[in-house]
Amino acid sequence: MLGSIRWRDFSRHILKNRLSLTGLVLIFALLVFAAIGPYVAPYDPYTTDPINKLEDPSKAHIFGTDNLGRDILTRVLYGARISVTIAVIVLVVSGTIGTLIGIIAGYFGGGIDNILMRITDVFLAFPRLILAMAVAAALGRSLNNVVLAVAFTTWTIFARLARGQALAVKEEDYVEAARASGASSWRILFVHVLPLCISPVIIQGTIAMGGIILIVAGLGFVGFGAQPPTPEWGVMVSDGRNYLPTAWWACVFPGLAIMFTVLGFNLLGDGVRDILDPRMR
Amino acid sequence: MIAYIVRRLFWMVFVIFGVMTLTFFIARVIPADPVAAVLPSNAPDEAIEKERARMGLDKPIWVQYGRYINGILHGDLGVSIRTRQPVMEDLIRYFPATAELALASLLIGIVIGLSLGVVSAVKRGRIPDHAGRMFAIWGLSMPAFFTGLMLVILFSHILRWFPLLGQMPAYLRRPPHVTGFLILDTMIAGNWSLVVTELRHLVLPAFTLGWLSTASIVRITRSSMLEVLPEEYIKTARMKGLRESRVVLKHALKNALLPTITVIGLRVASLLEGAVLTETVFSWPGLGRYVVSSFLSIDFPAVVGVTVFIAFLYSFCNLIVDLLYGYLNPKIRYT
Amino acid sequence: MLRKVILCGVVFGLLALPALGQAIPKDTLVIGADLGIIVDLDPARVYETTTNLVIEQFYDNLVDFEGTFEVIKPALAERWEALEDGLTWRFYLRRGVKFHSGNEVNADAVVFSFTRALTLDFAPIWMLDQYVPTADNVKKVDDYTVDVTFSAMLSEGLMAAIMGVQGICAVIDPAVVEEHKTEDDPWAYKWLQFHDAGSGPYKLIEWLPNDRVILEGFDEYWDGAPKTKNLIFLGIPERAQQRLALENGTIDLAWDLLPEAIDEFRTIEGFTVVEVPSWGITYVAMNCGMEPFDDPLVRQAIKYAIDYHAIIEGIMKGAAVVGQTFIPTGIPGHLEATPYHKDIEKAKDLLAQAGYPDGFSTQIMCQPTSPRRDIAVQVQQDLVEVGIEAEITQLISAQLYTLYRAQSHFIIVAGWGVDYAHGDSLAKPFAHCCSTGADAPVRQLAWRNMYSNCELTALVDASETELDEAKRLEMYEEIQQVILDDGPFAITHYPLNQYAVPNYLKGFVAMYSDSYTEFCGVYKE
C-alpha cells in the first residue's frame, strides 16, 4: 500500500489539513534559518564576553546573552544548521543501514530473516534514549558520536518497513520473471526491491525526524552532546537551566527552538499518518 | 494460547540475552577508568590501583563477561563501582519511585488523552479537534526536561500551586517501609494528610511525563472513535433515544479502548526515557537519576545492570499488553 | 463527559490548594545540596568535600579549627605537646566524652581508629600515612593519653593540619565496629558505609542515597547539644531548584549556588550574602611533555594571553579573588604576586620568539560543569587571539583524571583543594618533581604536567623539615616565585565560598574550607 502512493494526492491531503500545513510552514522556516542563519546573524557565535553575561533581551541582543556573554539569537540561528545537519545525516545513515537489513531479511526470508529480525528485536528492547546514551558514553562526547549513537537506535524503524516492502514485492510477477531469467538475488534486490522502498522510507523518515531531534537534545542535556563552543540547542538548554528563573532567556529560547522544530515535524508527521491510515479517508 | 505465551517468553529470553551482550560490550569499549571517578583528583595512583583490584576490573574481558552472565542467572547483576552496592539492590531501592511516577503519568496521560480523543472525534474537523490534537502534539514536541523546568517555574515558583521538588517535604519522615512504594506505605500507615501532600508532589512530574503520552493516546482514541461512530449499532443507540453523551461514552468509547491498550504498552519506553530526563529536575529519587549518574560515571556494572533491567521491564510490559489485548479482543486467536 | 471534566477540576483544585503549614518547623534545619557524590559514609573511605561536610556533623577529630584555620581548637583532645624527640606529639584527651552509643571516648578508641584507618588502607590514607606510616606510631599511654609519633619533625600547625583531616583521622567507636564486624569484614566497613559510629554533635538517623541524609542532635555532646535538634541534607541536583527552594523556604540553606544566584540574593529581601575565601586554587595547566609547552617562552605566552579579568569579574562574577601563586591567601606562606594580565601583543611576541609566530593547534580538557567549562571556553577564545587553535574536550572526572594522571593531556583547566592547612600540602603537589617517570616519589600536579625541576624539588624537600617557621615561609615564597615564572600553571584565581543566608538563620559560620562547616551552632529565630 505504501508503495502505491501518488504524490499529487498526497500533497493535496497535506495542504488541506490545517495542522500539517502549520507543520510544513515551521519546517520551511527551519530550513530557511539553517541555510541563511550564519549570514544574517548579528554577532559571532563564539566570541566570549563574560563581563556582559546574561544580559536581558534588548535591542542590541534580541534574545539576550548567555553565561559567557554570547548573543543567543546568533547561537540559536547557527544551531538550526547543526540540528538540520545532524538530523539529515542520522536519517541517511540509519535509513541506509536499516533499509539494507530490511530488504535482505524480507527477500531472503527463512533463517536470515529470523536472525536479522531477532537482532532488530534486541535493539527495539531498549528505550531509544537509553541505548543512545550507552553508545554515546562508550564513544565519547562529540557531535559525530551523537550522530552515530542516534543512528544506532533509529535504523530499526526502517528495517521493519523495508522488510515489509521486500516481502510484498517478492512474489510479484516481474520479480519472478527476473529470477527465471537468471538475475542474481543481489541484482534483484538493488534494481527491483530497493527503489520501491525509497518513498516509504522518506515518509517514515519525516515522521521520525521529531523524535530524532528530541533524542539529540536529550543527549546534549544529559551531557553527551557537542563540545563547546558548538551552539547545539540541547546543550544550550542544559547550560542555560542553571540560570533559571531570572536569566530565563538562556534556557528558554534554545528550548523554544527545539520545540517549534519538533512541533513542525510532528504536525507534518501526524498529517502523513492520517493519510496512511485508511480509516481517515 | 499457552503455546503463544511460551514462544513469546522464549524469544524474550533470547532478546534479553542479546541486550545483555550488546550493552556489556558497549560499556567495555570506553577508554575511561570508572574507578578514578569514585576518587577525587588528588588521589595518588596507588589508591586507584587499590580500588581497581578491589573491584575485580583487572581481569580479562571474557572472564568478566562469563562471570556477569553467570551472575545474572543467579539474580546477581554485579556490584556498582560507584555505590559499592549490588546493582540489584540499587535497582530495588530506586525502582518504586519511578514506578509510582510512571503509573501516575500513565493515568494522567490516559485521562487527558481519552478526553481529548473523544472530543476530537466528536467535533471532527472543527476547532476543538484541532486544539485537542495540537495540545497533545505540543506535549510531544518538547524535550521532557524543558517541559519539566517550565512547569516548575510556572506552577510552583510563580503560582505557588504545587511544591517544587521531591516526593514529600524534607522535614517529614517517611512512613515505615512495607512495600517500598511511598504512597502505598503512607496509606498503609494511615497517614492520609501525608498521602495528599505526596500526591501534590506527584502532580507536576507526573503531568510532565503524562503529557508526552497524550499524543499517541489522543491519536488512537480519535481514530478508533471515528471508525466506530458511523457503525450501525451507534445509530441504533441514538435512535433508541439515548443521550448523545451516553452513546459516545458507553458504546463508542468502550470499543475504542481496545487499540488504546496496545499504545499504552509502547508508552512504557518513553516514560522511562522521560524519567531519565526529568527526575533530576524534580529531585525525584528514582531509576532515571540512577541511569544518568551510572552512564556519566561509566559505572560498568550499573550501566549494564540498569539497561538490562529496563529492557526486561519493557519486554515484559509489551508481553502483558499483547496478552491483555488478545484476551480482551475475541477476534484474535493465537495459534 | 461534563461530569468527568468537573471531577478532574475538583481533584486538581484540591491538590492545588496550598497546604497549610508548609514552612519548615523551627527545630529542623534543611540544607539543600547535590548529594549524588556521596557513596560511602565510612570515615576511613571518605574523600569528597560534600561527604566530608556530612560526616563532619557526626564525627569528631582530636583537633579542630576556627573559621580562618589559623587557630587550632581543641576537640577530643583538650591539649597537646611535643615530646623531647621532636617527632612525637602527646595528646591529652577530654574526659567524660561519649560516643552516640553511650560508650566512652578514650585512648583505646583513638588508637583503634587510627589502626583501623591504616589497616584498611583505603584511598584517602595517603594524607595520614605520609607522616604516620603504621599503626605502631600511635600508642596508648594511659586511658586518656595518646602518643602519635610522626616520621618527621612537624610544626604544631602542620601536625594539627594532619590530625584535623576529616574522615581518615576521625575517632570511631570500637564497640560499634566490634558489634558489626564479620569474618570477611573485620573492620565493619560494610556497616559503616551506611551507619554512624561517631561522637559528633549530631547522630546519623538515616542516609537515603541520592535523596537525603537525616541527622538528629546528640544531647550528651561534650560541647553541648546542638542548637537545632534536627538536621537534614536534602539532595537537590538541579541548581535552579536549589535557588528556587531557598527563595521560597523549602530549604534553609543552598550549598551549590552559582555566583549569579548569589548575586540575586543580595537584592532579595530576607537574605544576607556571606563570603569567605575558600581554600581552592583554579588553574590552567600545560603539559611540559607535549610540544610546544616544553618551551618556557610558550608557557609564558599563554600566561599572558589569558583574560584573568574576564574570568574573575565575568565568569566568577566576583566569587573569586585575584591570585596567581599556588598558596592561597589565608594560608601562611602565601606570596602576593600577580604579574600576569591579558597582553595579546606581549603573548604574540613571546610566541614569535619561541618560533611560533603563526601559533599552533592544541587541546584543552575540562570538566563538563560551570565554571570550569566556562573558563575553558574563555581561554579557548583568548588563545584564538594569539593564533592558537584549541579544541575543547569535556570529560567527566573518571575520564579526565585518567588522562591527567597518565600525563596525556595538553592543556587542562582544573582546581586543587587544600587537603590540610599548611603550605606543605601545596608545595609538594605543585612543585615537587625531579623525574617524570613512574619512579617519582611524588606524582601530583607538577609530575602530571611533566615539569621536572630538581633544584626546586630539593628546596621543597628542605622546606618540609625546616623547623624555623620564618625560614620555611621564605622557602615557600621562593618556590612559588619559580613556579610563577617558569612553571606549567597559569593560576587564575582563588574561588570564594559564598552563601545566601536567610536572616532568620543565626550562628552560621562560613569556613574557609567549606566541608568543615559545623551546623551545631546554627539556630532559627
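## A walk through chain C

Let's start with Lys342(C), which is partly exposed at a relative accessible area of 28% (buried means under 20% relative accessible area, exposed over 50%, and partly exposed in between, using a 1.4 Å probe and protein chains only). Before going further, keep in mind that this is a predicted model, where local features need pLDDT of at least 70 and side-chain atom pairs count only at pLDDT 80 or more, while totals for chains, interfaces and linings use all residues. As for bookkeeping, residues are numbered from 1 along each chain as its sequence is written, chains are lettered from A and ligands numbered from 1 in the order in which they are written, and side-chain values use heavy atoms, with hydrogens and water left out.

Back to that lysine. Lys342(C) meets Asp382(C) in a salt bridge, 3.0 Å from N to O (a salt bridge being a side-chain nitrogen of Lys or Arg within 4 Å of a carboxyl oxygen of Asp or Glu). Lys342(C) sits in the loop between β14 (320-322) and α12 (344-354) of chain C, and Asp382(C) in helix α13 (residues 372-385) of chain C, so the pair ties together parts that are 40 residues apart in sequence. Helices here are DSSP runs of H or I with at least four residues, strands are runs of E with at least two, and both are numbered from the N terminus.

Glu385(C) counts as partly exposed, at 40% relative accessibility. Salt bridges that share partners also join Arg173(B), Lys203(C), Glu216(C) and Lys229(C) into one network.

For a local pair, look at helix α8 (residues 239-247) of chain C: Arg243(C) and Glu247(C) are 4 residues apart there, separated by about one helical turn. They form a salt bridge whose closest N and O atoms are 2.6 Å apart. Arg243(C) is buried at 5% relative accessible area, whereas Glu247(C) counts as partly exposed at 28%. Over all chains, a search of the whole structure finds 36 salt bridges.

Now for the sheets. In chain C, 5 strands form an open sheet in the order β8-β9-β10-β1-β11, with mixed pairing (two strands pair if DSSP finds at least two bridges between them). β8 and β11 (253-254) of chain C stand at the edges, each with a single partner strand, so one side of each is left without a neighbour in the sheet. Strands of a sheet pair through backbone hydrogen bonds, either parallel or antiparallel.

Strand β9 (residues 212-217) of chain C has 6 of its 6 residues buried, so it is largely enclosed by the rest of the structure. In a regular strand, side chains alternate between the two faces of the sheet. Both faces of β9(C) are covered, with Arg212(C), Ile214(C) and Glu216(C) buried on one side and Val213(C), Leu215(C) and Gly217(C) buried on the other.

On one flank, β9(C) pairs with β8 (residues 202-208) of chain C in the antiparallel sense over 6 bridges, and Trp207(C) stands opposite Val213(C). These two strands form a hairpin with 3 residues between them, and Asn210(C) in the turn has a positive phi of about 70°. β9(C) also pairs antiparallel with β10 (residues 230-235) of chain C, over 5 bridges, where Leu231(C) is the bridge partner of Leu215(C). Further along, β1 (residues 28-33) of chain C pairs with β11(C) in the parallel sense over 2 bridges, and Gly32(C) has Ala254(C) as its bridge partner.

Another open sheet of chain C has 4 strands in the order β4-β5-β7-β6, with antiparallel pairing. Here β4 (77-82) and β6 (138-142) of chain C take the edges, each with a single partner strand, so one side of each is left without a neighbour in the sheet. Inside it, β5 (residues 88-93) and β7 (residues 145-149) of chain C pair over 5 bridges, and Arg90(C) stands opposite Asp147(C).
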